[in-house]
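Morning, everyone. I'd like to walk you through one model today, going from single residues out to the cores and the spaces between domains. Have a look at the screen first.

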Amino acid sequence: MPRGDLYNFLKIRDAIDSVGEKVNLIGVVLECGFPRKTKGTDWFCSVRIIDETHQDPGLPVNVFTQTRNQLPRILSVGDIIQFQRVLMKIHDDKINAVFYKKYSSFAIYEGRDGRNLVPYQTYETFREKDLDKNFVIDLRRWLQNFQFDEGANYFSLIREINGGESFNMVCKIIHIHEGAGNEWMAFVWDGTDAPPSNILQKLEDEMHHPLPLHLESLPLPRDTLCSFPSVGTVLRVVSQDIENDNLRLLKTGEWVKLLNLLCEVHAGLWRCVLTPFTKLRYTPNEDRLKLERQRLYDERLSRSPQSLRRMPFWSLPWPSQVTEVDGDDDDDHAIFLTLMDVLTSSEVTASFKCVVRVIAAFPWQAKDFCFPAGIDRIRLTLEDSTARIHAFLYAEDGIMMGSKMTLAEIPHGYKFV
């Protein structure tokens with residue numbers, strides 16, 4: 001490339017017509033993937049960029065470096081990145097740019113709301129130019145009113161997930177959990193209820209291999225649970241073959257778009273897996289899909305009658321196939337609550353009216369309900385769309401519950417109030 005070309009940026013639209021040439025580009029990071037090792041000795045990550053001339057689907061830039069630390073370390077999807085001397089190529093009939101460690105370079109700047117015109121990361125061979133600041137300012141100004149037009153069907157709601165399938169999701173990061181060793185887990189939410197999962201464990205296994213109440217090694221502290229929404233499923237997201245420090249893009253309280261998540265059922269609990277092929281996409285505060293999910297949630301909490309607002313999605317329309325276990329007469333007109341309401345209640349002793357599934361019982365056979373002292377004792381494992389708990393029934397309560405339950409009903413997720 002002639003030296004003068006180092007000072008010229010191509011718009012993405014023009015770069016797409018320059019296959020086989022080395023070009024300089026600057027754009028907004030629409031989405032980015034996680035770093036991974038190539039089959040050789042290099043490290044790789046993919047960044048998709050857009051500008052005012054080309055937004056859909058954006059231009060993929062495949063970055064290859066000698067070490068992981070040399071890869072772009074993007075602090076937030078939506079930041080601005082410039083590339084010098086990347087080669088325009090065609091791979092699988094799709095146009096992309098390739099960053100080569102021997103002659104390419106890059107610099108990354110804060111995005112729309114940034115004030116600093118100095119890049120927060122540069123490649124070792126990067127040479128800054130006075131005109132760079134003007135391009136950054138122009139892109140920030142363009143981003144103020146930018147809305148990426150993507151179809152709603154491209155992203156699934158949590159209530160639409162299926163085990164064993166990959167999907168895309170718009171969600172809010174509720175909590176990031178880092179446990180002992182290398183344990184990492186994100187808790188995400190979109191205001192909808194995950195469908196009941198299939199429980200494959202045999203009833204008799206509950207004694208020696210009880211169904212877990214959670215997937216993390218230790219239960220979350222109560223103050224953390226109190227920060228969770230009490231309506232809608234908070235879905236667990238774990239990482240697979242991704243180093244934890246690469247997950248810094250997921251920040252508590254922010255909405256994100258996650259592409260190519262793998263959905264699984266583990267011990268009867270839903271979870272999603274971040275794989276090396278998962279990508280994060282730019283999600284501004286005014287994003288249409290984010291606002292749509294907030295609107296659906298607000299409508300749910302304002303629907304009539306009030307007593308049904310917090311009921312699981314799978315129990316509607318009401319009345320449905322739910323067996324009622326009678327409590328106090330005063331509870332007849334009580335509002336239905338979720339198990340997350342129960343777990344986070346400030347009351348030391350209180351009664352609650354919930355719609356749940358019975359997914360396990362111990363003992364599992366009716367003939368074993370009565371202990372040697374002549375008192376019936378049963379431990380039930382209950383779940384709804386927000387949590388899973390143990391409930392213990394003693395004496396008369398155990399007799400009453402045992403008379404309403406049959407062994408054939410439990411494996412299908414017995415529902416009761």
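Predicted model: local features only at pLDDT ≥ 70, side-chain atom pairs only at ≥ 80, totals over all residues.

Let me start with a term: I call a residue buried when its relative accessible area is under 20%, exposed when over 50%, and partly exposed in between, using a 1.4 Å probe and protein chains only. Now take D92, which counts as exposed because its relative accessible area is 61%. D92 sits in the loop between β5 and β6, and although D92 is not a glycine, its phi is positive, about 55°. A word on the labels: helices (H or I, at least four residues) and strands (E, at least two) are DSSP runs, numbered from the N terminus.

Residues are numbered from 1 along each chain as its sequence is written, and side-chain values use heavy atoms, with hydrogens and water left out.

Okay, the overall picture. The protein has 417 residues, and 49% of them count as buried. You'll find six helices and 18 strands. For contacts, meaning heavy atoms within 4.5 Å, I looked at pairs at least 6 apart in sequence, and 67% of those join residues at least 24 apart.

N260 is another residue other than glycine with a positive phi, near 65°. N260 lies in strand β12 and is partly exposed, with a relative accessible area of 31%. Then there's a cis peptide bond from D56 to P57, with omega near 10°; P57 is in strand β4.

Now, the inside. In soluble globular proteins, nonpolar side chains tend to be buried together. By a nonpolar core I mean a set of buried Ala, Val, Leu, Ile, Met, Phe, Trp, Tyr and Cys residues joined through side-chain atoms within 4.5 Å. Which residues touch the most other members of the largest core? Out of 66 residues, they are I49, F83, M169, L250, L258 and L274. β1 gives the largest share of this core, seven residues. And where does this core lie? It's between domain 1 (9-145) and domain 2 (158-302), since both give residues to it; those bounds come from an automatic or database domain assignment.

Zoom in on M169. Leaving aside neighbours within four places in sequence, M169 is in contact with F155, S156, I158, V188, L235, V256, K257, L258 and L261. There's also a second, separate core of 32 residues, which includes F155, W255, V358 and A387.

One more residue while we're in here: L247, in the loop between β11 (235-239) and β12 (255-266). Buried or exposed, would you say, for L247? Buried, with a relative accessible area of 4%. Not counting residues up to four places away in sequence, L247 touches F34, W184, S239, I242 and L274. Its C-alpha is 9.9 Å from that of I176, and L247 and I176 are 71 residues apart along the chain.

On a 1 Å grid over the protein atoms alone, a cavity is a set of points where a 1.4 Å probe fits but cannot get out; a pocket is an open set with protein on both sides within 12 Å along at least five of seven lines; and lining residues have an atom within 4 Å of a point. Grid points are joined across faces, edges and corners, and a volume is the space filled by probe spheres set on the points.

A search of the whole structure gives two cavities of 30 Å³ or more. The largest cavity has a volume of about 130 Å³. Its lining has 14 residues, and the closest to the centre are G33, P35, P72, I74 and R248. Domain 1 (9-145) and domain 2 (158-302) each supply at least three residues to that lining.

Then the second largest pocket, with about 750 Å³ of space. Of its 31 lining residues, S46, P60, N62, H91 and N96 are the closest to its centre. β4 provides the largest share of that lining, seven residues. This pocket lies between domain 1 (9-145) and domain 2 (158-302), because both give residues to its lining.

That's my tour, thanks.
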